[in-house]
Amino acid sequence: MPVSREDLVKALAGTARGDVAAFKIVYSATSVKLYGIILRILGRRDLADEILQEVYVRVWQHAGDFDPAASSPITWLATIARNRALDEARRNTMRSLDDVPEILQLPSGDDPSASHDDNEQLRRLYACLDGLEPEKKEIVLLAYYHGMTREEIANRVGRPVATVKTWLRRSLAQLKDCLGQ
Amino acid sequence: MTEEEDIDGLAAEYVLGSLDPPERRQVDARRSTDAALAAAIAAWERRLAPLSDRGPDVVPPSHLFDGILSRISAQGVHSGQTAAVLPLRRNSARRRALAVGVSALAACLALAVGWVNYMHPGGPLQTKMDCSRLYKDFWEKRDPQKFAKISAEQLAGVSRMALRAYDACEAGDEQDAKALFERLQRMKY
């Protein structure tokens with residue numbers, strides 16, 4: 001069910017007070033997003049199942065740390081999920097992105113499905129990404145969506161690791177300039 | 001390359017996820033004491049956050065929420081939540097609280113308090129009165145003797161069943177909900 005940003009803020013505040021019903025609202029509204037993020041990074045459903053549970057236990061414990069003035073609820077939740085999944089990916093070298101081929105496709109900029117409050121921000125970010133050379137845009141997205149290290153990216157695109165590092169740093173600096181923030 | 005640029009590039013790659021394991025660990029260790037690095041990380045999280053909105057959603061297996069509830073019940077509530085559950089504890093005899101075990105009772109009360117919050121009028125979380133009442137009654141009228149012996153794992157099971165009953169009620173199947181609550185009442189531990 002679609003839940004507004006305001007409702008999510010309230011549900012997180014309820015979660016911080018120990019309100020299980022509010023926590024369930026948070027889970028129902030956000031778990032498909034977080035599971036997608038985690039699964040794309042880990043590429044293994046058994047690991048993703050474990051990490052998703054850990055992430056929401058963390059959300060339950062730290063909901064009081066969420067500051068609606070500093071970020072949107074989904075950004076806060078997605079950051080927790082990404083960081084936990086990235087830590088796990090670095091710890092677990094057994095992951096294989098080919099286990100879940102359907103998630104390997106990178107999302108494209110012209111997908112009309114996004115209907116979030118942050119749509120405008122997303123449009124701007126994609127416009128800036130489109131300003132990068134295609135190969136550089138791809139490595140930025142490979143790193144973000146799949147949590148690939150420079151070395152993994154280098155293997156995938158057949159370039160030296162040092163080149164990938166230079167490309168990433170330059171592309172990110174270019175993105176920052178383009179976004180102007 | 002200046003120091004400032006270096007920090008920003010490191011923060012950007014940290015958020016992007018492309019650092020190798022030793023570098024990532026270094027940044028993890030440094031960010032709590034290095035304010036410039038922490039600020040750069042926060043800025044990059046904000047900049048790249050819209051990308052998380054774009055990836056395809058994937059529905060997690062339905063049993064995972066039960067697993068999360070079990071872990072939460074087993075751990076008990078954290079300190080910030082204990083304050084919220086204390087007022088309800090007053091009438092229900094302190095000795096019993098000891099017997100029940102803090103985490104189990106706290107989790108029960110957290111649920112009860114949660115439902116009071118849930119019923120709070122005017123908020124967007126408001127729901128039909130009768131379902132909430134049914135759920136709340138279950139927790140308030142539960143037999144304390146019976147719950148004194150319950151394990152955290154069993155409590156999680158009870159919580160799940162009660163939530164399922166509530167869901168059934170919300171879905172308009174009040175008979176199913178009542179049957180579930182009655183089963184919960186009769187349950188032996």
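Helices (H or I, at least four residues) and strands (E, at least two) are DSSP runs, numbered from the N terminus. By that rule, chain B has 12 helices and 0 strands. The model is predicted: local features need pLDDT of at least 70, side-chain atom pairs count only at pLDDT 80 or more, and totals for chains, interfaces and linings use all residues. Residues are numbered from 1 along each chain as its sequence is written, and chains are lettered from A in the order in which they are written.

Stay with chain B. Of its 189 residues, 34% count as buried (20 or more other C-beta atoms within 10 Å of the residue's own, with C-beta atoms placed from the backbone). Contacts are pairs whose C-beta atoms, placed from the backbone, lie within 7 Å. Among those in chain B between residues at least 6 apart in sequence, 70% join residues at least 24 apart.

Now turn to chain A. Helix H1 (residues 5–16) of chain A packs against helix H2 (residues 20–42) of chain A at an angle of about 135°, and their axes are 7 Å apart. Axes are lines fitted to C-alpha atoms over the stretch in contact, and angles run from 0 to 180 degrees between N-to-C directions. From H1(A), residues including A:Leu8 and A:Leu12 take part, and H2(A) supplies A:Phe23 and A:Val26, among them. By class, this contact has 8 nonpolar, 2 polar and no charged residues (Ala, Val, Leu, Ile, Met, Phe, Trp, Tyr, Cys and Pro count as nonpolar, Asp, Glu, Lys and Arg as charged, the others as polar).

Finally, the chains meet. Chain A gives 61 residues and chain B gives 50. H2(A) gives the most to the side of chain A that touches chain B, with 14 residues.

How values were computed: Buried ≥ 20, exposed ≤ 12 C-beta atoms within 10 Å, placed from the backbone. Contact = placed C-beta atoms within 7 Å.
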